[in-house]
Amino acid sequence: MLRFIQSILFLLIAFNAMAENTINKSPELKDIFYGESLFYAFQNKHFDAISKLDAELGQFYALDNPALDPFNQHINHAEFSVGSFELAYRMHQRAGRAIKAIMESSLNQEIRNEAAYRLAQIYYRKNQPGNALDILEKIQGEMAEDLRVDEIYLRAQVYISTGKFAEAVTLLKSIENEDKYKGYILYNLGIAYIQNGEEKKGIVALGEMGKISSDERGILALKDKANLTLANRMLENGSPDQAKQYFSRIRLNGPFADRALLGLGWVNVSLGQFKKALVPWRILHKREITNESVQESMLAVPYSYSQLHYYGQAALSYGEAMDNFGSEVDRLQVSIKSVREGKFLNAILDKQGERDENWLHNLRDLQETPETRYILSLMASNDFQQSLQNYHDLAELRMRLSYWLATLDVYVELIEIRRKYYEPLLPVVEKQFKKLDARIRLRLSQRDRLDQRLKSLVISRRPDYLATAEERGIQDKLAGIELYLSSNPQHYSDEVRQRIARLKGVLHWNINGAYHERLTHAYKQMKTLDVYINTLNKAYKSFIRTRQAATQSYEGYDIPIRQLKTKIQATQVKVDGIMARQGRLIEALAVNELERRRNLLEEYQIKARFALAESYDRATKKQQKAQEDKFLQSKALKESAEKNKQDLNVKDTQQEQLLQEQPVEAQPAPEKEETVQ
Amino acid sequence: MRKTILTLLTILMLNITSAIAADVTKEQIKGLDEQVQDIKKDVIDLTAGLLQLEEKLLFPSNSQFALFVSLADPEDLRLDAIQIKLENKVLAHHLYTFRELEAMQKGGVQKIYTGNIKTGDHKLVISYTAKAVSGGEMKRSSSYTLKKGVGPKFVEIKIGGPDAGDQGLEFKDW
C-alpha cells in the first residue's frame, strides 16, 4: 500500500507540471508589448516576462480610459499570463492572489471559471487538494472548450487526492479517449480503480498503460512506472510470476531501469531461480556504483551464488562488495566534509554561471568531485530540487541587483555629463527664445483676428473689410476733401460735389462688385497663411519639447536614483540573508542524504561481513567434505588395489596423482557462470 | 521460505523518497520558500521601476523608436538571421537561437532594437536569411520608410505570411 501512496505522490508532483504551462501559444496579437513578454516567457525567461508584463499592466491601469488602449483586448489573457508566468517562476502565492482577484471580479462566467481552474491548479500543486476541490466547486456552467479536458483531468486528480476514488473513476472514464493527457489518464484511472477497491479493473488499466506505444519520453517513463507499479503490486499479492512479466517490460535505459533490474532479480530469487536472478543483477552490477540499486545488487549477487552453493564465488563477491562499500563509505565521508565546506554550493553557482535554463538538469553532468559525486541521489528528492531552484533564483536576483546598481552609477555619470553640457547652453537659448516667443505670439494673435473677421463676413456682409490698401487710401482722401470742403464751403461747387459722389460711387462699385471674389481670395490667403502658421507652430512646439527634453535629460533624477539605490542595497542585504539560509538548508539536506547513504552502506558492510564469514565457513566445510569423500574414495580404491595389487598397480599410481592435482570445488567452473550470464 | 523472501524483497525495494532528516523540517523548507517568493516580488517591482527610469533617461518618448520582429506563419520558414539598416548604417544584426525561434513560432515578438531618432522620414532596409520548408536557403531584403512623428514610434517587421510581398516582409506601425 505504501508503494501505491508513493506512486500517487509521484503523479501529483511529476505530471502536474504538464498541465501548468497552459499558455503555450499566444492569442492573435493586439498589443506588441504583450507579444514581447510572451517572447521571453516562451524561452522560460520568466523574470523578464513578468517584469515586462507587470510594467505593461501597470501602465494600462494608470490610463484615464484603458478601454481605448489596444492592450485592453489582451487584458484577460495578460492577467492569466502573469499568473502563469509567476507559477512557472515558482511564485505561487502571488499567482494565487492575482487569479483569485479575477475569480471574484464581475468578468463573464467563462473567464471566472478559467480563473477558478487555474487557482485550483495552484492549490493542487501546493499539495492542498482540499482547497483545490473547494475552488473547483465554484465553477459554474460550461468551461471554455479548450480547457474542458484539463478541468476534468484536474478534478479527477483532486478526487484521487481527497479519497473520492469512485468520482475520479467516472471523470477519468469520460475523457479516456481524449488525446490530451493520453497515458496520464490511463495511469490515474488504474490507480483510482485500485484505490476504489476495483483491483482487477485497476490492473487492466495499468496493464494497458504498460503496453502503450509512444515516442514521447514522458509517456514512456509513465509506461515504465505503470509496469513497476504493477510488478510491485504483484509481489505484494504473492504473484512473482506475474511480477516478473511486468518487470521485464521496463526499458533498460529508462528512469526505472535500475529498480526494475533489481526487482527482477529478487523475483527470480523468490521463484528459486538463482541463476536467472544473476542475469539482471550482473547487468546492474556494471552500472554507476553510487546508485542505490547497484549497491544493493552487490549484496544480492553473492547471495545468489551462495544459494547455488558456489560458496567460494560468493565469498569472493562478498569480499569485493565489502571493498566497494568501504571505499564508497570513505568517499561519502569526503563528500560530506566537502559539502560542509561549502564546495557543493560553489559548484552549483559555477554551473548557474552558464545562464542555461536547463542548468538543473545539467547538474548531472558536473565533473565528478567529492561534493558532486552523489548528485543524482540528492536530486531524487523534490525538496532538494526545489531548494536548488530557489538558490539558483536567488543567485540570479543577486546578479540582477548588482547589475542595476552598477548601471545606476553609470546613469548618474551620464546625467552629470548632460547637466554640464546643457546648463550653460540653456540660458542663452532661453533668452533668444523669449524674444522670438513674443513675436510668434503677436503673429499668432494677428492671424486669429483675421480669421475671426473672415468668419464674421460669412454672417454679415462687410465689403469695406475687403477693400484694398489703395481703395482705403482713396476713401481717406475723399473723406479729407469732404472735411476740407465742409469748413470751406466757398470751394464746394456742384461740380466738385458731383465728382466726389462719382468717385465714391466708383469706389463703392469696385469694392462691392468684387466682394465675393475678394472673399474667396481672402479665404485662400488665409489657408496659405495657415500652412506657414502650422510650420511655425510645429517649430515652436518642437523647440518647447526639445528644451523640455534637454531639461528633463538631467533634472529630476537625483531623488529617484538615490531611492532606487537605497532599495537595491536593502534588497541585496535581504537576498544575501535568504540565500545564506537557503544554502545552509541545501547543505543540510545534502549531508542528511549522504549520511543516510553512508549508514546504509555501513549496514551493507556488516551484512556482507557476516555473509562472507558464512560463505567461507560453508566453502571450507564443502571443501572438507569433498576431501573426505575423496579420501574415502581413495581408501576404497586402495583396498581394491590391494586385492588386485599386481594387475592394477599402474592404475593406483595414476589415481593418487589425480588426487593431488584436482582443485577444490568451492571455485565454480567458469562455464557455469557463463550460462548464468 | 518463499513468503519470507517476498517480504524481504518488498522491504528492500521500498524507496526511501523522503530525504529530510529530523533537523530539516517541511515547515522550514516552506517558510524559506515563501521568503524567496517575497523577495522575488520585491525584485520584480524594483525592476519595473528601474526599467521605467531607464526608458525615460535613455529613450525619451519624443525620440524613441523600437523595432520588433515576428513570424507570420511559423510553418513557413526557419529564420536564421536578420539585419536591419537605417539610412544605410547597420542598426541591428541578430542570429537566432533555437529557443528564440521556438518562442517566435509560438507567437512571441522579439524587440530587436530600441533607440532614438529625429522626427521625419527614414529609410529602413531589412535583410534576412532563412530556410524554406523545401530545405532551400532563402535570402530576402526589403525597404520601408519609417515616418517618425512627435511621439514614440514602434514598427513590427513580420516575416512570411499571406500579406507579405514578394520579399516575404510585412511592416506594421503600432
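Chain A and chain B bury about 7000 Å² between them, with 66% of that area on carbon and sulfur atoms; buried area is the accessible area (1.4 Å probe) that two parts lose on being put together, summed over both. Of the area that chain A buries against chain B, 10% is supplied by A:Ile32, A:Phe39 and A:Trp404, more than by any other three residues. The structure is a predicted model, in which local features need pLDDT of at least 70, side-chain atom pairs count only at pLDDT 80 or more, and totals for chains, interfaces and linings use all residues. Residues are numbered from 1 along each chain as its sequence is written, chains are lettered from A and ligands numbered from 1 in the order in which they are written, and side-chain values use heavy atoms, with hydrogens and water left out.

The contact (heavy atoms within 4.5 Å) takes 81 residues from chain A and 60 residues from chain B. Between the two chains there are 2 salt bridges, a salt bridge being a side-chain nitrogen of Lys or Arg within 4 Å of a carboxyl oxygen of Asp or Glu. The side chains of A:Lys574 and B:Asp42 form a salt bridge at 3.1 Å, N to O.

Within chain A, the domain assignment, automatic or from a database, gives domain 1 (1-162) and domain 2 (381-615). The C-alpha centres of these domains of chain A lie 38 Å apart. In chain A, 5 residues of domain 1 are in contact with 6 residues of domain 2, and the area buried between the two domains is about 540 Å², 46% of it from carbon and sulfur atoms. The count between domain 1 and domain 2 of chain A is 2 salt bridges. A:Asp48 and A:Arg400 meet through their side chains in a salt bridge (3.3 Å, N to O).
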